[in-house]
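Subject: Structure handover

Hello,

Here is the structure I said I would pass on. My notes on what turned up in it follow below.

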Amino acid sequence: MARTPIPQPDFLPMTRAEMDRLGWDSLDILLVSGDAYVDHPSFGAPLLGRWLIRHGYRTGLIAQPRWELAAGEPGDVTAMGRPRLFAGVTAGSLDSMLAHYTAFRKKRSDDAYTPGGQAGARPNRACIVYANLVRRAFAGLPVALGGIEASLRRVSHYDFWSQSLRKSILLDAKASVVLYGMAEHSILALAEALDRLEDEGGELVHALAGIPGAAYARKAGDYPEDAPAGTVIELPSHEAILADPKLLLGATLDCERHVHQNRQTAVQRVGDRMVVLTPPGQGLDGKGLDALYALPYSKQPHPSYTQPIPAAAMIRGSLNIHRGCAGGCSFCTLALHQGRMIRSRSRSSVLAEARRLTELRGFDGSISDVGGPSANMWGGRCVGDQANCRRPSCLTPKICKHFKVDQGAFVDLLEAVADVPGVRHVRVASGWRMDLGLADEKALSRMVRDFTGGQAKVAPEHLSDRVLRLMRKPPFATFEKFLALFARESGRAGKEQYVVPYLMSAFPGCTVADMQEMAAWFAGRGWKPSQVQCFIPLPGTAAAAMYFAGTDLDGNPLHVADSDAERLRQHGVLGGEREKRLGHKPGAPVRPVGGRPTAKTGSRPYQGRSGSGGRKDPTHT
């Protein structure tokens, strides 16, 4: 049902006093986030809050609520009263466990999404904790989980931090629904469904069956009317995967196809219950993205904060121009969360936002990034039959003939942004997909000469082609060819520019000998890479399934570095000496997270990293 749009506030309300100033006596929807509130479209909760307001729903935001409460204490989530329809809960732009712990399960000392960069403002497994806070405060209120933490945990998944198989977060959090993926359509559909139930009555479970990108629970064997048994994707049950870890491989590949083909319901039995996954839906098209990014974001932290928020400064001068990543790298979360279909903003929308950037107080004339998961995928599209496509990647083992992208048009867009009055510098910092770039050397040469900004971020990840195939990455020769072009074009431009390669240790199938071979290649060229990440098996990814099962995706036995000792040895080959000082005993097994570890390393989270080392679009609630 259509509602009357509400005037957009300067900021989403966070207190009753702010609601009063807006003339709101109550909320329709409450959002709870593990991030501090920065009113920027790269932060999911504020973006969805403004989207809901645009569609007539009064929406407030509680950011980083306290969770250790005394008995009977109401808590921060009650600050604006009980919302009429539901509460949306997200851990924030990063999985809370990844935000808290390094690849060696050592406690991180900072959090870029918190005022002052201080760690500890969100709990471990934040979705579960926040859902419990909401249910305690507002008995019977529907709770919707979303964002990257919930999205990747929508079915049974391997959890690196507890070294165990965990069931769907929907059941652990006792939530009403998980809205997985990019949630503009699904969160609006949920609001409209609950509006109808309030007026007409009915059961929530039947309404959830019609919401795109939803995971909800039914009794085992109680299939939705529009998806009877025999027409759905039946994932192995949680109990079956516990008994045979190799079944997680097939379940993960089925989930990938479920998202990409976008045509079937999927189900997974867990005891006497069944998690039902509706198809993800089409998501916002170009016009929808243009409307979303045209909303009046202040691009500032909420005025209640007295300390700077590091992430706000990092993305303040950036333009996010598309969603989705065609790469489908086996360690990356982007294809499962945003999908492989590229959805791009129009040229006019991007230029309009560039003009608004120049009007921001303190804008220094530099646009730090024009990109997305992989910058040179802007405008990419599939001209084949996606509903029946069974490829896990559009780009490997070679670029699909049905994937089309005009990279020259992307460079034309960069030039147009550079011509906006008030803009002095434009660069692409979110990473380039090398194999795609090399398919159009003319466009790539223009990018190198004019929009590198001194450093080009690319992600060869490894030297071993055997490991690269497991990663769903192009062969190492692609990196070597890119280096030759980069050096040639930088020289022609008379610029001293550098390539920053992202590399990975301890990936399933990788051995110490593989790392030594890679180290020798770089050392032979006088190159000491600084961006080396030790592999973390992120929930829901194909690489995590390989790590858990000890096999490749075809079920063939695979060497897995599953002890702290070997992970440290592999990482130390390229990652320096610091990890050797962390006190791990030789041969010690990988330990689950427990207690309060305090040592730290310099390893970086790579959850949103695309196959090209790209910047993520932070997640939606």
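D25 is exposed, because its relative accessible area is 58%, over the 50% cut-off. Please keep in mind that this is a predicted model.

Salt bridges

The side chain of D25 forms a salt bridge with that of R58, with 3.0 Å from N to O. D25 sits in the loop between α1 and β1 (29-33), while R58 sits in the loop between α2 (44-54) and β2 (59-63). The two are 33 residues apart, and the pair links distant parts of the chain.

A salt bridge also joins R3 and D195, whose closest N and O atoms are 3.1 Å apart. R3 belongs to the segment before α1 (16-22) and D195 to helix α7 (residues 184-200), so this pair ties together parts that lie 192 residues apart in sequence.

R472 is buried because its relative accessibility is 7%, under the 20% cut-off. E256 counts as buried too, at 18%.

Some of these bridges share partners: R3, D25, D28, R58, R84, D195 and E198 are joined into one network in this way. The total count comes to 31 salt bridges.

Positive patch

Which residues form the positive surface patch? They are R135, K167, K174 and R273. K174 is located in the loop between α6 (169-172) and β7 (177-179). With 57% relative accessibility, K174 counts as exposed.

Nonpolar cores

In soluble globular proteins, nonpolar side chains tend to be buried together. In this model, the largest nonpolar core has 105 residues. I367, V417, W432 and F507 have the most contacts inside that core.

Regards

Notes
Residues are numbered from 1 along each chain as its sequence is written. This is a predicted model: local features need pLDDT of at least 70, side-chain atom pairs count only at pLDDT 80 or more; totals for chains, interfaces and linings use all residues. Side-chain values use heavy atoms; hydrogens and water are left out. Patches are made of residues with over 30% relative accessible area and no salt bridge: like charges are joined within 9 Å, nonpolar side chains (Val, Leu, Ile, Met, Phe, Trp, Tyr) within 5 Å. Accessible areas come from the Shrake-Rupley method with a 1.4 Å probe; for residues, only the protein chains shown count as cover. A salt bridge is a side-chain nitrogen of Lys or Arg within 4 Å of a carboxyl oxygen of Asp or Glu. Lys and Arg count as positive and Asp and Glu as negative; His and the chain ends are not counted. The place of a charge is taken as NZ of Lys, CZ of Arg, CG of Asp or CD of Glu. Helices (H or I, at least four residues) and strands (E, at least two) are DSSP runs, numbered from the N terminus. Buried means under 20% relative accessible area, exposed over 50%, partly exposed in between (1.4 Å probe, protein chains only). A nonpolar core is a set of buried Ala, Val, Leu, Ile, Met, Phe, Trp, Tyr and Cys residues joined through side-chain atoms within 4.5 Å.
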